[in-house]
Amino acid sequence: MTSKLVICASGDGSNFEAIVRASRSGLLQAEVSGLIVNRGGIGVLERAERLKVPVAIISPKGFASREEWDAAMVARLRTWSADWVVLAGYLALVGPQVLTAYQHRIVNSHPALLPKFGGAGMYGDRVHAAVLAAGERETGITVHLIDEVYDRGAILAQERVAVLPGDTPELLAARVKTQETAFYPKVLNDLITGRITTG
Ligand code: GRF
């Protein structure tokens, strides 16, 4: 049976689109059953419309408590029969009910070589600015499981990206993103087909 993925995103959605395309070309042996976003007005929504992927906007602001929001997330993941929850630039902390319901089944991609340059507030160009400020010669991509602390879950796979002379956070971000949109779907496929195990 084909594995079903639900993607969660909060931004532009280039990884979302790469994963959907990989699933449709057969590079990724899975089906994307839906997209969950935590806010409106973001680029990923246009991509979902163009690619005809069902969308749910589940914002914590729409619920009386974090618990109700968390429960709504679990309900939607069940409705879409998620086998895997794939975070792709999702900026909300996943709640304890989702973590329990999908233990070892929630994956994230981080645009640096964790454990370096991760943690709360480390997203977007801030990550790449920190890499450059530290004088690193290489950075990369880390695909990892998630738990209740940002960027701390078990590392599943990493790929290196060179830092080049003259790099700015924007240039480095673009180079990492190009590589990430190929790497993330490939690692997801390894995970889904059992080449990488999560315990
Ligand atoms: C990616 O670089 C990912 O590593 C990070 O957020 C970014 C999302 O970019 N978690 P996009 O929305 O997929 O374009």
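## Charge and model basis

The chain carries 21 positive and 20 negative side chains, and the centres of the two sets are 3 Å apart.

The model is predicted: local features need pLDDT of at least 70, side-chain atom pairs count only at pLDDT 80 or more, and totals for chains, interfaces and linings use all residues. Residues are numbered from 1 along each chain as its sequence is written, and side-chain values use heavy atoms, with hydrogens and water left out.

## Fold and overall dimensions

Six helices and seven strands make up the elements of the chain. Helices (H or I, at least four residues) and strands (E, at least two) are DSSP runs, numbered from the N terminus. Read from the N terminus, the order of the elements is β-α-β-α-β-α-β-α-β-α-β-β-α. The chain is as compact as a globular protein of its length, because its radius of gyration is 16 Å, close to the 16 Å that the globule rule gives for 199 residues. That radius is taken over C-alpha atoms, and the globule rule is 2.2 Å times the number of residues to the power 0.38.

Along the principal axes, the C-alpha atoms fill a box of roughly 50 × 40 × 35 Å.

## Burial, surface and contacts

Of the 199 residues, 50% count as buried. Buried means under 20% relative accessible area, exposed means over 50%, and partly exposed lies in between (1.4 Å probe, protein chains only). The chain exposes about 9600 Å², of which carbon and sulfur atoms supply 53%. Accessible areas come from the Shrake-Rupley method with a 1.4 Å probe, and for residues only the protein chains shown count as cover.

Among contacts in the chain with a separation of 6 or more, 66% are between residues 24 or more positions apart. A contact means heavy atoms within 4.5 Å.

## Salt bridges

Side chains of opposite charge can pair when their charged atoms come close. With a salt bridge defined as a side-chain nitrogen of Lys or Arg within 4 Å of a carboxyl oxygen of Asp or Glu, the count comes to nine.

Glutamate 17 takes part in a salt bridge with arginine 21, where the closest N and O atoms are 2.9 Å apart. Both residues lie in helix H1 (residues 14-25), four residues apart, about one turn of the helix. Arginine 21 is partly exposed, at 46% relative accessibility, and glutamate 17 is buried, at 8%. Glutamate 17 also forms a salt bridge with arginine 47, again with the closest N and O atoms 2.9 Å apart. Glutamate 17 belongs to helix H1 and arginine 47 to helix H2 (residues 43-51), so this pair ties together parts that are 30 residues apart in sequence. Arginine 47 counts as buried, at 18% relative accessibility.

Arginine 175 and aspartate 167 form a salt bridge through their side chains (2.6 Å, N to O). Aspartate 167 is buried at 13% relative accessibility, whereas arginine 175 is partly exposed at 24%. Shared partners join the salt bridges of Asp12, Glu17, Arg21, Arg47 and Arg50 into one network.

## Leucine 45 in helix H2

Helix H2 also holds leucine 45. The C-alpha atoms of leucine 45 and glycine 11 are separated by 8.8 Å, with the two residues 34 residues apart along the chain. With neighbours within four places in sequence left aside, leucine 45 is in contact with Val37, Arg39, Gly40 and Val55.

## Backbone features in loops

Leucine 114 and proline 115 are joined by a cis peptide bond, with omega about 10°. Proline 115 is in the loop between strand S5 (106-110) and helix H5 (125-133). Phenylalanine 117 lies in the loop between S5 and H5. Phi of phenylalanine 117 is positive, about 60°, although the residue is not a glycine. Phenylalanine 117 is buried, with a relative accessible area of 17%.

Serine 81, another residue other than glycine with a positive phi, has a value near 50°. Serine 81 is placed in the loop between helix H3 (66-79) and strand S4 (84-87). With a relative accessible area of 40%, serine 81 is partly exposed.

Terms used: Lys and Arg count as positive and Asp and Glu as negative; His and the chain ends are not counted. The place of a charge is taken as NZ of Lys, CZ of Arg, CG of Asp or CD of Glu.
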